[in-house]
Amino acid sequence: MKIGLALGSGAARGWAHIGVIKALRELGIEPDVVAGTSIGAIVGAYYAAGRIDGFHDWVQQLGRREIMGLADITVGSGLVDGQKLRNLYARHLDDATIENLAIPFAAVATEVENGTEVWLQEGPIADALRASSAVPGLFSPVLMGGRWLADGGLVNPVPVSVCRALGAERIIAVNLNGDLLGRHARQPHDHPKTPRQRGPSGWITYLPDGVKERTASLIKQWLPVATTAKRGGAEADPDRPGILDVAASAINVMQDRITRSRMAGDPPDVIITPRLAHLGLLEFDRGQEAIAKGYDATMEFQASLKSLEPTRR
């Protein structure tokens, strides 16, 4: 019987998927089909293309400078245009098409105009990954086949249903946001957050001065209110979230609810939930830590995972 791997959305927390795949391989489990949403689509594509080992090494050496170098700031329907990332995927994956990957693969995206769930199963993999991970407000949507597409996490954060449609009879799902909301509800102010941990607005403070100046009008809308700012004669809250931070938190809440609902109706055989609530949305430079969390979470399910093996041909 075929095993499917459903990799969920979660921005920088998605590097944990690499650790999950590493653990599965050590346990002798090689998924027959892979479906991914957003960052899950990115990691899943590298695995399906047989490039996960090189990607693992690349992620671990990512620093703030390299990350900022991939941010092509724009003033339009998103803060980041995303063409640099699209070109990176094309270069890493040799301009592969989805239908030519070594393992059957699909990426999930959302049609902006009407909210339709779109399964990308053919065409250039780089375009599919760019569309599937186009977080609203942060990345510009992508025009594909006459449709504007955005992040698939808006409709199917953990694509169990897609794996099933690809022929999987046993499904391993990875939910990156499972502990996020509960932890924050219990411990809202235990540890002061760094600018990067606060969310997209916090990361803007790390941009080069020249970039800030060129996008000054946009930055003013998205940065948190400065600590010295006054409103009504009172000092503003230094932790006040920016517009993008509020949007990101809203998306997290929405994705958590959608994931719970969809899994209740179509449960996978194993759900792996790495403990990632301490990682900020855009802390892509903490890949080594996220990978380790994904590996550890997977190893906790050794017995359940190994029970899938005897069913395979």
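**Reading burial and backbone angles**

Analyst: Let's start with threonine 298: leaving aside neighbours within four places in sequence, this residue is in contact with Val20, Ala23, Leu24, Ile272 and Leu305. Keep in mind that the model is predicted.

User: Where does threonine 298 lie, and is threonine 298 buried or exposed?

Analyst: Threonine 298 is part of helix H13, which covers residues 287-299. To judge burial, look at the relative accessible area, where buried means under 20%. Threonine 298 has 0% relative accessibility, so this residue counts as buried.

User: Which residues in H6 are buried?

Analyst: The buried ones are Ile125, Ala126, Ala128, Leu129, Arg130, Ala131 and Ser132.

User: Let's turn to the backbone. What is the phi of aspartate 94, and what is the phi of aspartate 95?

Analyst: The background first: most residues other than glycine have a negative phi. Aspartate 94 is not a glycine, yet its phi is positive, at about 55 degrees. Aspartate 95 also has a positive phi, near 55 degrees.

User: Where are these two aspartates, and are they buried or exposed?

Analyst: Aspartate 94 sits in the loop between helix H5 (83-92) and strand S4 (105-111), and aspartate 95 lies in the loop between H5 and S4 too. The relative accessible area is 52% for aspartate 94, which is exposed, and 57% for aspartate 95, also exposed.

Notes
Residues are numbered from 1 along each chain as its sequence is written. This is a predicted model: local features need pLDDT of at least 70, side-chain atom pairs count only at pLDDT 80 or more; totals for chains, interfaces and linings use all residues. Side-chain values use heavy atoms; hydrogens and water are left out. Helices (H or I, at least four residues) and strands (E, at least two) are DSSP runs, numbered from the N terminus. Buried means under 20% relative accessible area, exposed over 50%, partly exposed in between (1.4 Å probe, protein chains only). Contact means heavy atoms within 4.5 Å.
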